[in-house]
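The entries follow in the order in which I looked things up.

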Amino acid sequence: MISDALTTVRQRIAEAARQFARAPDSIQLLAVSKTRPVADIVTAIESGQRCFGESYLQEAISKIGALRNYPLQWHFIGPLQSNKTRLIAEHFDWVQSLDNEKHAVRLNAQRPTHLPPLNVCIQVNISNEPQKSGIRLTELPTLAQAIAELPRLRLRGLMALPAPCADFNQQRLPFRALHTAYQQLQASGLALDTLSMGMTNDLAAAIAEGATLVRIGTAIFGERERG
Ligand SMILES: *Cc1c(COP(=O)(O)O)cnc(C)c1O
């Protein structure tokens, strides 16, 4: 099941890439394994998947420990809190949900010296939803410059989680806005290479608008009970 689903997701990515004149290998697949048991992750690994996204810290740390003998890349994609930054800095390869300078400073100070710098994406509240995580576009350039100064973090790009929407053309609009912001930061001199956008229901729209990393849970592992 999971291996067939992964094949189907890879085909969807390749198809969207072809349709929108993107190089298929310019789009990375992050398998979002939050709430899924270790056995499901092992099945995905056996089908060639190496990058996994998790949102719940304690659950993630126990999985990372259980799977430490595999060469995997772990991305934290859930909401950040100050009391979580140390364990995240110690266990993850990437954080995609960074949205304020205080957390950036903590992650920078807490990243162990024996590990490479922590890869980070800034989460942008692209639809300006009042209760949602993510920085507003107007505040993005200042935060990006501040993070770029921190030696134990490596600013890789932007992440967004727009409000769900069923219409393909409507889905494209926030992704286009994020892509524009990404290009503006690049033009200001930041060496960014990651535009993380697109989930199970808006994958093709994100690829149409330039996603370099899509975060897919449901289409690989099935419906979640929570999260
Ligand atoms: C859960 C989650 C996903 C995966 O969503 P699906 O719709 O299951 O593909 C992607 N990104 C983030 C930040 C998530 O929390």
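I found a polar backbone atom of Gly217 at 2.8 Å from an oxygen atom of the ligand; I count a polar contact as a pair of N or O atoms within 3.5 Å. The side chain of Arg224 places an N or O atom 2.8 Å from a ligand oxygen. For Lys34, I read 2.6 Å between a polar side-chain atom and an oxygen atom of the ligand. I then looked up the ligand's surface: taken alone it exposes 390 Å², of which the protein buries 89% (Shrake-Rupley method, 1.4 Å probe).

I note that this is a predicted model, in which local features need pLDDT of at least 70 and side-chain atom pairs pLDDT 80 or more, while totals for chains, interfaces and linings use all residues. Residues are numbered from 1 along each chain as its sequence is written, and side-chain values use heavy atoms, without hydrogens and water.

Entry two, the shell. I listed the residues around the ligand, among them Val32, Ser55, Ile77, Thr200 and Ile216; to be near, a residue needs a heavy atom within 4 Å. By class, I recorded 5 nonpolar, 4 polar and 3 charged residues in this shell (Asp, Glu, Lys and Arg count as charged; Ala, Val, Leu, Ile, Met, Phe, Trp, Tyr, Cys and Pro as nonpolar; the others, Gly among them, as polar).

Of its 32 lining residues, Lys34, Leu161, Met199, Arg215 and Arg224 lie nearest the centre.

The second largest pocket holds about 180 Å³. Its 13 lining residues include Phe92, Asp93, Arg111, Leu115 and Pro116, which lie nearest its centre.

I found 1 cavity of 30 Å³ or more, where a 1.4 Å probe fits but cannot get out. Its lining includes Gln123, Asn125, Glu129, Lys132 and Leu161.

Methods: A polar contact is a pair of N or O atoms within 3.5 Å; within protein, one must be able to donate a hydrogen and the other to accept it, and residues adjacent in sequence count only if both atoms are side-chain atoms. On a 1 Å grid over the protein atoms alone, a cavity is a set of points where a 1.4 Å probe fits but cannot get out, and a pocket is an open set with protein on both sides within 12 Å along at least five of seven lines; lining residues have an atom within 4 Å of a point. Grid points are joined across faces, edges and corners, and a volume is the space filled by probe spheres set on the points.
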